[in-house]
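Q: I'm new to this one and have a few quick things to ask. Can we go through it piece by piece?

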Amino acid sequence: MSKYPTGKRKSVTPPKGKAKAKASENPSSYVLRMLLAASPYYVSGSMLAQKLKMSRVGIWSRINKLRQAGLSIDASQNRGYRLSAEPDLLNQPLLEAWIKECRKSCKVFVFDEVDSTNSVTERLLANGEKAPFAVLANTQNEGRGRLGRNWHSPKGGNLYLSIGLRPDVDLIKLRSFTLWQGIQIGNLLRSLTGINDISVKWPNDLVHKGKKLGGMLTEASIDCERVRSLVFGFGLNVNYPKSRFPKSLSKIATSIEGLKGESFRIHEIAAKIIKTSLGAYRDCLKGNAEKNLLERWEEFDALADQKVGISSGKDTIIGTAKGIDASGALKVKLRNGRFRAIQAGEVTLRG
Ligand code: BT5
């Protein structure tokens, strides 16, 4: 359970623009959107009833349904309703309400269990689903990393999210897509959590002091150098106690809760990541990512001036990491003083 702040026990009316109910909006999402907009205060049941053209009993039964789904909603006779806590398990209306609260619109598909959110996204794209859209799940039974590696995806508390896109642009426009996503999402997480030393380990990890907090997996369908469809997958350890990591990960992984000692609201984080990721994608299409990449990378580079070993296939290159070049390749200073640009590989720190 992650709590919402408590305020004075008063009732407020959300601002006019926000209080408008759209015909297409799910009534539960509307109720939650109003509760979020008024948080930490109460929203009157009669205001909700009036906007949704429902009886107050209808509102009350909707609130009860949301409670059954795990949300904590306080009720007070003269003041109305107030959101007080949310569960770690995903709730679609709450996620939709948070996305609207972030002034964004994006279709979301929420599942309890999937093979991999990237695979679900791929299938939706193949079946003609209109992009962009996001797919989230409480758990994945075939969560994957690069090169067929496994992504540990236990139920509840962590984020498994994929975004489906149809860029239809030349590959070159998206060559620094994953690095730029890492910078933008890293920046968001720094400000949301107050953990200022979250950084990006080339090419696709979000790390804190060398321990992995999250990983990105970008998969593209390319045709004649044009990216037809793109899946951006992101896994983030959020409310996951250190003690629950399996042995193989306990020394190399961490979570936001593990670092901060408190739980975070998973729906808020998910909605803000979706908004940030779509913004980062737009930056790439407009050329802004490319323009600002080198400068921003310096703020987030987890490998800067570190001794590294990079393996790709059978070869291992050893040297000192010296940032990236304009194409996003890792620059490594070799022992003979020469520089090498590495396009892909697995980096390990060499102390
Ligand atoms: C990655 O691969 O880091 C990309 C991970 C992407 C996961 C997301 S979840 C949503 C979407 N759906 C998917 O199926 N995938 C994406 P890679 O660089 O290959 O790192 C994999 C390695 O990270 C593993 O071999 C482990 O050592 C480590 N690892 C696995 N699970 C982890 C976890 N939960 N936290 C931290 N490290 C983990």
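Q: How many bridges join S2 to strand S3?
A: This is a predicted model. In it, S2 is joined to S3 (residues 80-86) by five bridges, and the two strands run antiparallel.

Q: And which residue in S3 is the bridge partner of Ile 73?
A: Ile 73 has Leu 83 as its bridge partner in S3.

Q: What order do the strands of that sheet come in?
A: The order is S1-S3-S2, in an open sheet of three strands with antiparallel pairing.

Q: Which strands stand at the edges?
A: Strand S1 (2-3) and strand S2 (72-76) do; each has a single partner strand, so one side of each has no neighbour in the sheet.

Q: Switching to helices. At what angle do H5 and H10 pack?
A: Helix H5 (residues 92-101) packs against helix H10 (residues 266-286) at about 50°, and their axes are 9 Å apart. That angle makes H5 oblique to H10.

Q: Is the crossing left-handed or right-handed?
A: H5 passes H10 in a right-handed crossing.

Q: Which residues make the contact?
A: From H5, Leu 94, Leu 95, Trp 98 and Ile 99; from H10, His 267, Glu 268, Ala 270, Ala 271 and Ile 274. By class, seven residues in this contact are nonpolar, one is polar and one is charged.

Q: How exposed is Arg 228?
A: Arg 228 has a relative accessible area of 34%.

Q: What does Arg 228 touch?
A: Leaving out residues up to four places away in sequence, Arg 228 touches Leu 165, Arg 166, Pro 167, Asp 168, Ser 221 and Asp 223.

Notes. Residues are numbered from 1 along each chain as its sequence is written. This is a predicted model: local features need pLDDT of at least 70, side-chain atom pairs count only at pLDDT 80 or more; totals for chains, interfaces and linings use all residues. Side-chain values use heavy atoms; hydrogens and water are left out. Axes are lines fitted to C-alpha atoms, for helices over the stretch in contact, and angles run from 0 to 180 degrees between N-to-C directions. Helices (H or I, at least four residues) and strands (E, at least two) are DSSP runs, numbered from the N terminus. Angles under 35 degrees count as roughly parallel, over 145 as roughly antiparallel, 65 to 115 as roughly perpendicular and the rest as oblique. A crossing is left-handed if the near helix is turned anticlockwise from the far one by less than a right angle, and right-handed if clockwise. Contact means heavy atoms within 4.5 Å. Ala, Val, Leu, Ile, Met, Phe, Trp, Tyr, Cys and Pro count as nonpolar, Asp, Glu, Lys and Arg as charged, and the others, Gly among them, as polar. Two strands pair if DSSP finds at least two bridges between them. Buried means under 20% relative accessible area, exposed over 50%, partly exposed in between (1.4 Å probe, protein chains only).
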